[in-house]
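Me: I would like to learn how to read a contact between two chains. Please take me through an example.

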Amino acid sequence: MDANLIVFIILAVVAVGSALGMLFNRNAVYSALFLILNFATVAVFYLLLGAPFIAMTQVTVYAGAIMVLFLFVIMLLGAEHLANHDKIDWQMPVAGGLAGLLLFEAYWVIFKSDQALKWTVEVSSDFGAPAQIGKVLFSEYLLPFEITAFLLLAALVGAVIIARRNSDKPTRAEEEA
Amino acid sequence: MVPVNYFVILSAVLFTIGALGVLTRRNAIVIFMSVELMLNSANLLFVAFARSFGDLGGQIFVFFVMTVAAAEVAVGLALIVAVFRSKQTINIDEASKLKG
C-alpha cells in the first residue's frame with residue numbers, strides 16, 4: 001500500500017473522530033479543543049494535496065486566531081455548560097435521518113455519476129508554494145484581495161459596535177457630573 | 001497518490017457532521033463551531049480539486065474563504081455576546097422573543 005494512502009487513512013480517522021468529539025461533547029471548551037485538532041489534521045491534508053501555504057494559513061488563522069477567539073468568548077461568558085431543560089424528543093432522530101440522507105446523496109453523486117473523479121494532471125513540485133500563490137494573488141486576483149481588506153475593516157467595526165455596552169443610559173460618572 | 005474520490009467522501013462526512021451539529025446542538029457557540037467545520041470541509045474540497053485540475057485558483061479561493069470566515073467569526077461572536085447580555089444565556093431555544 002502506498003504510504004500516502006496510509007497517512008490519509010490515519011488522518012481521516014482522526015479528523016472524523018475529532019469532528020464527532022466536537023459534536024457530542026457536552027462541554028463547549030472540549031468541543032473547541034476537538035475542533036482545533038480537526039483543523040490541524042485538515043492542515044496536514046492540505047500538505048498532502050500540495051498546498052503548503054494554505055496549510056500554514058490554516059494553522060495560524062483557523063487553529064490559531066479563530067479558535068482562540070472562540071475559547072476567549074466561551075470563557076468570557078462562562079458558557080461551557082447549558083442548564084438542563086426539556087428536550088424535543090423527535091429532534092435527534094429527524095436530524096440523524098436528514099444527515100444520513102445528505103451523506104447518501106453525496107455518495108450517490110460521487111460514485112454513481114458517469115464521470116469518475118480521478119487525478120487528471122501531474123503538477124510541478126513547487127505547485128502551491130508561497131511564491132506561486134503570491135504571483136497569482138497579486139495579479140489575477142488583486143481586486144478580490146483588496147476587497148477583503150474592506151471586508152475585514154467592516155467586520156472589525158461591526159464587531160465593536162455590536163459587542164459594546166448600550167450607551168443610551170448615562171454612565172455613573174456622567175450622572176454625578 | 002490518494003484518489004480525489006477519498007477526499008470528496010471525507011469532505012462529505014465532515015460536512016454532514018457539521019450539519020448535524022447545527023441541527024441538534026443548543027449552545028450557540030457550538031452551533032457556530034459546527035458552521036466552521038462545514039466551511040472547512042468545503043475548503044478541503046477546494047484544495048483537493050485544485051490539486052486534481054492543477055489550477056491554483058482553488059487554493060486562492062480557500063484563502064478568501066478563510067478571510068470571510070474570520071470576519072464572520074468576529075461579527076458572530078459579537079452577536080453572541082450581545083445576546084448573552086440581554087438574555088443571560090446562549091441557549092438558542094431561549095432566544096424566542098419574535099415568536100410572540
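Me: How many residues does the contact take from chain A and from chain B?
Reply: Two residues are in contact if their C-beta atoms, placed from the backbone, lie within 7 Å. In this predicted model, 67 residues of chain A and 58 residues of chain B take part. Local features need pLDDT of at least 70, side-chain atom pairs count only at pLDDT 80 or more, and totals for chains, interfaces and linings use all residues. Residues are numbered from 1 along each chain as its sequence is written, with chains lettered from A and ligands numbered from 1 in the order in which they are written.

Me: Which element gives the most to the side of chain A that touches chain B?
Reply: Helices (H or I, at least four residues) are DSSP runs, numbered from the N terminus. H3(A) gives the most, with 11 residues.

Me: How are two packed helices described?
Reply: By the angle between their axes and the distance between the axes. Axes are lines fitted to C-alpha atoms, for helices over the stretch in contact, and angles run from 0 to 180 degrees between N-to-C directions. H2(A) and H2(B) (residues 28-53) pack at about 5°, with axes 11 Å apart. H2(A) is therefore roughly parallel to H2(B) (angles under 35 degrees). Among the residues making this contact are Leu35(A) and Phe39(A) of H2(A), and Met33(B) and Leu37(B) of H2(B).

Me: What confidence does the predictor give the complex?
Reply: The complex has an ipTM of 0.91 and a pTM of 0.88. For chain B, the average pLDDT (the predictor's confidence in each residue, from 0 to 100) is 89, and 98% of the residues score at least 70.

Terms used
Helix = DSSP H or I, 4+ residues; strand = E, 2+ residues; numbered from the N terminus. Parallel < 35°, antiparallel > 145°, perpendicular 65-115°, else oblique.
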